[in-house]
Amino acid sequence: MVAEATPTVPEVEGSSLRVRGASKRFLTPEGTEFLALDSASLEVGAGELVSLLGPSGCGKSTLLRLIAGLDEPCEGELFVGTEPITGPSASRGLVFQDPNLFPWLTVRRNVESGLVARGVKREKAHEVDEYLRLVGLEGFADSYPHHLSGGMAQRVALARALINHPKILLLDEPLGALDAFTRMKMQDEVLRLWEARRTTMIFVTHDIDEAIYMSDRIVVMTPRPGRIERIIDVDLARPRQRSGADFLQLRGEILELMEFSKHALA
Amino acid sequence: MSSPPPTAPAREVADASPPDASNEATGPGHVSSATPGTAAPAASRSWRRAAALPLAAALALGLHLGISGGEPPAETRTYSLFLGGILGLGLLFLALQFRIAGLQTWIRKNAPLLVAGIALLAVAEIITTGLRLLPLPYFPSPAKILQSMVEDRGMLWTSTWHSLFLLLGGYSLGVLTGLVSGVCIGWSVRARYWGMPLLKFVGPIPATAWIPLALVLFPSALFSAVSLIALAVWFPVTMLSSAGISNTKASYLDVARTLGAGPRFLVFRVAIPAAMPNIFLGLFMGLGSAFLTLVVAETVGVKSGLGWYLGWAREWAEYGKVYSSIVVMAVFFSSIMTLLFKVRDRVLVWQKGAIKW
C-alpha cells in the first residue's frame, strides 16, 4: 500500500463528446410548450475544457443535464466516444453551483460516496485520502458540511466527483456562489485538477472573464429559444493574464457578440 | 386534627420566603452572567443561589412538622425523611460547589426550578393538610401520596415493568411497520397511489376506537394492546417519514445518480438519511400516542401495568395510589422521551447548528 501524493492517471483521462441536434421542450404549468434547447450540436475533443456561456434561460443547464443523462432529449442524440448516452453514469460526474454535499455525511464519507455507490469502496478506500489531499482538505476529513465555507464545500464536491475518474466532468456554474477572490482561486484550482487529469470538462458559466480564463473553446448561447450562437476558440497561452491585451480584446469581441444577440432578441 | 389551624397562617407567611429567596437569587444571577468581570460578588451570588435550595427544604420541613401533628405518624416520618434528604443534599451541594466544577453551573441553572418545586409541595401541603380546602379522599396531601408510593412500591415496580414491556412491544412494532410503509409510500408512485387514501382514511381514527374490534380479533388482551399501540404509532411514523422521503432534495438524487448510484443507494443512503429529521418528528409523535393508547388499553383490557393500577386504585378510592401512579408515569414516560431525544441528537449530529427544535 504505497499512497502517492497525486493520483496516478493516464495522460488523457477524458473522452470525446458529440451532441447532434439535441432539443428539449418542457411543458409550462399553463399547458404550453417551452423550447428550452433548440437543436444544439457540439463536438468536444477528449481532454478539452469547453465553456457554455450565456445569460440565464439560454439552455446551458438544460444541455448539461442532457449530457449528464438526467434528462432525455426530445430530438437528437448524444454520444460519449461512440457510446450513446442513455442515462446517468459515474463516468459523467456533475458538480452544481450548490455543492449539494450530503449534509448527514462527514467530508470523508461524502468523498467516499461515489465508491460506495459503485460498490468498490473496499478496493479503493485508500484513494479517499489521496483526493482529500488533492483538494487540500485532508484536515477536514471528519468535519460535517455545515462547518465548511462555500469554497471548501465546492472542493469537496469536486473531490467527490473526481474520485470516480469520470470521462467527462460537468460543472454547472460551480463557482457562481463564491465571492470574487475565492472564485479566482477556485478557477486556478479547477484548472490545476484539469491539467493533472486531462478530464474532459464542460463548464457552464455566465461570467465572460471566467470563460476566457479557463476554456479552450467558448460556446456562446442565446435564450428564447435556447440555442448555440457561436463557438469561439480561445488561443491564449496558459497561464492566462486576466488583464492582458489579447484577453481584453477577446472579452470585447464576446461582449459585442452578446450585445448583438440582445439586438436579435428585440 | 385540631391543633394545626392556629399555627397554619403564621407558617404560611414563613413559607412565602422560599420563592422570594429564589427570585432574589435569580435576578443577580443573570446580571453576573452578563458581567463576569468581578469575582467576589459573583461568588457571593453563587453562595446565595446554592443556599436557596437547603433553605427552602428546611422551611418546607418546618412547615410540614408544624401542621402535620394530627396525621398518621408513618406518613409524617416518610415525608420528613424525604424533605430532610433534600435538605441534606442541598447542604452537601452548598459545601461542595467550589470543589466540583460542574456542580456549580448545575446549581446555578437548576436551583430556581428546584426551589419552585419545593415551594409547590409546601403550598399543596398548606391547602390540603393545613387549611383542608379540598375534599378528601380525592385530594390527599403530598405526604400521603409519598407514603402510598413507598408502601405500594412493589406493586408499582411490577406495574411499571409490565407497562414498559407493552410499550416497547407496541412501539417497536409500530415504528417498524410505519418506517416500511412510510418509505414505500414516500418513494414509489404506485405505493403512494394505493397507500395514501388508506393512510388518510384510516390513520386519523384514534387507535382506542379499535378497542372493541381488537378484543374480538386477538386471542389475548396482551396481543390486542400491543397491536393497538402499534397502530397508534404506525400512523404518525408513516405520515412523517413518507413526507420526508418524498421531499428529498432532487439535486441530492441527481448528484447520487451521476456518482453511479442504483435505486438501493438512492433509497437507503440518500432518501432515508435526508428524511431523518422528519422521521424523528414522527417517532416523537408516535411515542406520545403510544403513551395514551397504553394507558387506555391497560384500563380496559390488560390486567396489569400502570394504567390498570391507576384504574384499580380509583375503584377502591385510594387516591394516594392514584396520584402516586401518575407520578410514576410522569417519571417513566419522560425518561423514555428523554432517551429518544438523546438518540435523535446522536443520529442528527450533522444537523447541529442548522436546525434546532
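What is the mean pLDDT of chain A, and what share of its residues reach 70 or more? The mean is 86, and 93% of the residues of chain A get to 70 or more; pLDDT is the predictor's confidence in each residue, from 0 to 100. This is a predicted model, in which local features need pLDDT of at least 70 and side-chain atom pairs count only at pLDDT 80 or more, while totals for chains, interfaces and linings use all residues. Residues are numbered from 1 along each chain as its sequence is written, chains are lettered from A and ligands numbered from 1 in the order in which they are written, and side-chain values use heavy atoms, with hydrogens and water left out.

One stretch calls for some care. Over residues 1-5 of chain A, pLDDT stays under 50, and the model has four contacts (heavy atoms within 4.5 Å) for them beyond four places in sequence. Where pLDDT is low, the predicted coordinates should not be read in detail.

Now for the sheets of chain A. Strands (E, at least two residues) and helices (H or I, at least four) are DSSP runs, numbered from the N terminus, and two strands pair if DSSP finds at least two bridges between them. One open sheet has six strands in the order β6-β7-β8-β3-β9-β10 (chain A), with mixed pairing. Its edges are β6 (92-95) and β10 (227-233) of chain A; each has a single partner strand, so one side of each lacks a neighbour in the sheet. β6(A) pairs with β7 (residues 168-172) of chain A in the parallel sense, over four bridges. Along this pairing, G93(A) sits opposite L169(A), and V95(A) sits opposite L171(A). Both faces of β6(A) are covered, with R92(A) and L94(A) buried on one side and G93(A) and V95(A) buried on the other. Buried means under 20% relative accessible area, exposed over 50%, and partly exposed in between (1.4 Å probe, protein chains only).

V95(A) also leads us to Q154(A), which touches it along with F96(A), Q97(A) and M186(A), among others. Q154(A) belongs to helix α5 (residues 150-162) of chain A and counts as buried because its relative accessibility is 2%.

The other open sheet to look at has four strands, β2-β1-β4-β5 (chain A), with antiparallel pairing. Here β2 (33-44) and β5 (83-84) of chain A are the edge strands. Five bridges join β1 (residues 17-27) to β4 (residues 75-80) of chain A, and R18(A) faces F79(A) across them.

On to the nonpolar core: a set of buried Ala, Val, Leu, Ile, Met, Phe, Trp, Tyr and Cys residues joined through side-chain atoms within 4.5 Å. The largest has 84 residues, and L17(A) and F102(A) touch the most other members. Helix α12 (residues 263-300) of chain B supplies its largest share, 16 residues. A second, separate core of 51 residues includes V135(A) and M186(A).

F102(A) also belongs to a cluster of ring pairs with W104(A), Y252(B) and W350(B). Rings of Phe, Tyr and Trp (its six-membered ring) pair if their centres lie within 6.5 Å; planes under 30 degrees apart count as stacked, over 60 as edge-to-face and the rest as tilted. There are 14 aromatic pairs over all chains. In one of them, W157(B) and W161(B) have ring centres 6.2 Å apart and planes at 85°, so the pair is edge-to-face. W157(B) is exposed, at 57% relative accessible area.
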